[in-house]
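Take a first look at the model below. The report after it moves from the whole chain to single side chains.

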Amino acid sequence: MRLSLGQQMRMQQKQILAPRMIQSMEILQLPILALEDRIEQELVDNPVLEIHEEVDEFAEPAEPPEPVLPVSEDEKALVIDETGNMAKDFERLMEMEELYPEHFEEQFRPSRNRIEEEMERQHDLLANQEDHPETLHDYLTHQLGFFDLTPELRAMAERIIYNLDHNGYLPSSLSDILGAEATPENLALAEQALKVIQQMDPPGVGARDLRECLLLQLTPGMSCYQELRTLISDHLKDIESNRLPLISRRTGYSLERIQAALAELRKLNPRPGSAFNTEKPPPVRPDVFVERMDDGSYRVRLEEGRVPSLYISPYYKQLLATGKLGPEAKEYLKRKLNSAQWLIDSIRQRRATLTKIAQAIIDHQREFLEKGPAYIEPLRMQEIAEKVGVDVSTVSRAVDGKWVQTPSGIYPLRRFFCGGTVSADGGEVAWDTIRLKLKEIIDYEDKRSPLSDEEIVAELAKQGITVARRTVTKYRKLMKIPSSRQRRQWVDPRTTGTTAAEHSNSSAPAPH
């Protein structure tokens with residue numbers, strides 16, 4: 001089948017546009033920190049890119065530039081508009097050295113002084129790096145030196161230590177750790193090694209479940225020691241469900257005695273290894289800033305203060321236009337020039353697209369900015385896509401991983417997209433609004449007689465929010481709010497209605 005000239009041209013355009021579109025989407029999806037890293041890498045990889053430096057008005061006048069090489073008619077189509085910047089990586093342009101030996105002799109071969117300076121810089125960089133924080137495994141291995149252990153027992157203890165999880169628990173059985181070596185002798189050695197580990201600091205480390213972890217933290221001299229052993233050994237489930245009268249009947253302890261023991265139980269650490277989890281959350285730097293204007297409207301601007309302004313080196317464009325390069329060098333340089341222009345165009349497109357989408361989102365969520373999260377409006381990406389005139393996938397990529405600085409705080413851009421439900425008056429209410437109202441109702445309920453899910457539905461209806469009971473149950477569980485029975489506080493019947501213990505917002509008296 002023979003294609004027409006028009007079809008051939010369209011196919012060529014698709015082949016050219018496809019990589020451009022892919023790169024444009026990739027750049028659009030990058031948060032500001034990742035974009036800076038990407039540009040820095042491109043500056044290393046592409047010698048034709050350069051950074052547009054700020055001009056110092058008081059600086060000494062620069063030397064006049066070298067004469068511009070003439071551009072032939074055949075090469076004019078290959079010259080790309082200036083708007084980029086990059087580093088000097090000339091290793092892959094060694095073919096040009098034969099054409100311009102005097103030029104490359106001076107610029108492309110680093111002197112001994114430059115090599116020494118680079119080595120000193122790398123040494124200083126390593127010397128100033130932050131020390132690696134001590135891990136739980138390091139801490140426990142160091143403590144092994146305080147025990148008089150045989151080499152075999154020490155090796156087994158180290159093996160178990162490196163099987164502990166980040167909370168200090170041993171999630172695998174000893175037989176699983178030993179595998180094919182799980183002989184009776186080795187299992188006995190492993191049990192002995194585990195007992196050594198369980199004597200170490202932090203208390204509770206090396207436990208195989210919550211019950212064992214808490215029991216390992218008990219010492220005979222502590223308050224309510226015997227009551228705690230009984231409660232932890234036999235009644236953790238009852239404690240989690242707040243079945244204190246049942247515990248009282250089964251143990252013979254008074255409710256006051258149980259409450260006192262639970263107060264001590266809360267002082268124990270259910271995750272003894274968590275103090276060594278030193279992973280820092282990734283830094284948050286807003287991509288978008290929202291400013292309130294004098295007329296009360298909101299305007300968005302992008303954070304690009306540290307994003308360098310890129311342009312394409314005139315030298316390489318002129319070098320390509322001379323027509324004096326060999327075929328391989330010419331093809332290489334054309335690829336680098338095109339790649340540089342694509343990057344510059346993609347960054348420009350990212351700026352325009354993200355600005356339009358962010359402005360459309362902020363225009364829709366004005367009440368959120370002025371009154372707070374409880375006033376968020378239902379918003380779907382399809383609505384923004386139609387308003388801006390782009391595909392939904394473009395909106396998704398634009399907001400992915402991006403943060404916005406507003407007058408009321410920093411939020412992820414995705415935070416402004418929220419589904420909803422129809423309220424009693426026929427309007428649409430955002431799910432976030434329902435969650436906030438649900439928390440508010442539970443926070444102010446009488447803890448001696450907590451509201452059931454059906455009663456919460458009725459309270460929401462009074463505020464014009466009509467939802468099903470299963471919806472309330474779903475969001476209550478997602479918010480880790482316990483059931484009404486678990487939220488109920490015990491009241492001493494001999495008093496005039498005062499609670500016997502301070503109310504706790506936790507889902508259960510015991511840690512878990």
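## Confidence

This is a predicted model, in which local features need pLDDT of at least 70 and side-chain atom pairs count only at pLDDT 80 or more, while totals for chains, interfaces and linings use all residues. Residues are numbered from 1 along each chain as its sequence is written, and side-chain values use heavy atoms, with hydrogens and water left out.

The term pLDDT is the predictor's confidence in each residue, from 0 to 100. The protein averages 75. A pLDDT of at least 70 is reached by 72% of the residues. Helices and strands here are DSSP runs, numbered from the N terminus: a helix is H or I with at least four residues, a strand is E with at least two.

Where is confidence lowest, and where is it highest? The lowest mean, 40, belongs to helix H3 (residues 101-107). The highest, 93, belongs to helix H9 (residues 210-216).

Two stretches call for care. Over residues 13-17, pLDDT stays under 50. Over residues 125-130, pLDDT also stays under 50. A contact means heavy atoms within 4.5 Å. For residues 13-17 the model has one contact beyond four places in sequence, and for residues 125-130 it likewise has one. Where pLDDT is low, the predicted coordinates should not be read in detail.

## Overall make-up

The protein has 22 helices and eight strands. Its length is 512 residues, and 38% of them count as buried. Buried means under 20% relative accessible area, exposed means over 50%, and partly exposed lies in between (1.4 Å probe, protein chains only). Among contacts with a separation of 6 or more, 67% are between residues 24 or more positions apart.

How many disulfides are there? The count is zero, where a disulfide is a pair of cysteine sulfur atoms within 2.5 Å. Cys213 counts as buried because its relative accessibility is 0%. Cys224 is buried too, at 18%.

## The sheet

Four strands form an open sheet with mixed pairing, in the order S3-S2-S5-S6. Strand S3 (298-302) and strand S6 (409-412) are the edges, each pairing on one side only. From one strand to the next, the twist averages 25°. Two strands pair if DSSP finds at least two bridges between them. Strand S5 (residues 403-406) and S6 run antiparallel, joined by four bridges. Thr406 stands opposite Gly409 in S6.

A helix packs on this sheet: H15 (residues 327-364), which touches strand S2 (288-292) and S3. The directions of H15 and S3 make about 155°. Axes are lines fitted to C-alpha atoms, for helices over the stretch in contact, and angles run from 0 to 180 degrees between N-to-C directions.

## Salt bridges

Side chains of opposite charge can pair when their charged atoms come close. A salt bridge here is a side-chain nitrogen of Lys or Arg within 4 Å of a carboxyl oxygen of Asp or Glu. The whole structure holds 25 of them.

Lys371 counts as exposed, at 51%, whereas Glu367 is partly exposed at 33%. Lys447 is buried at 10%, and Glu445 is buried at 9%.

Lys371 and Glu367 both lie in helix H16 (residues 366-371). They are four residues apart, about one turn of the helix. Elsewhere, salt bridges link Glu26, Arg38 and Glu42 in a network.

## Two more residues

Glu264 is found in helix H13 (residues 255-265). With 16% relative accessibility, Glu264 counts as buried. Which residues does Glu264 contact, leaving aside its neighbours within four places in sequence? They are Ser223, Cys224 and Leu228.

Thr471 sits in helix H21 (residues 469-478). Thr471 is buried, with a relative accessible area of 16%. In sequence, Thr471 and Val457 are 14 residues apart. In space, Thr471 and Val457 are 9.0 Å apart, C-alpha to C-alpha.
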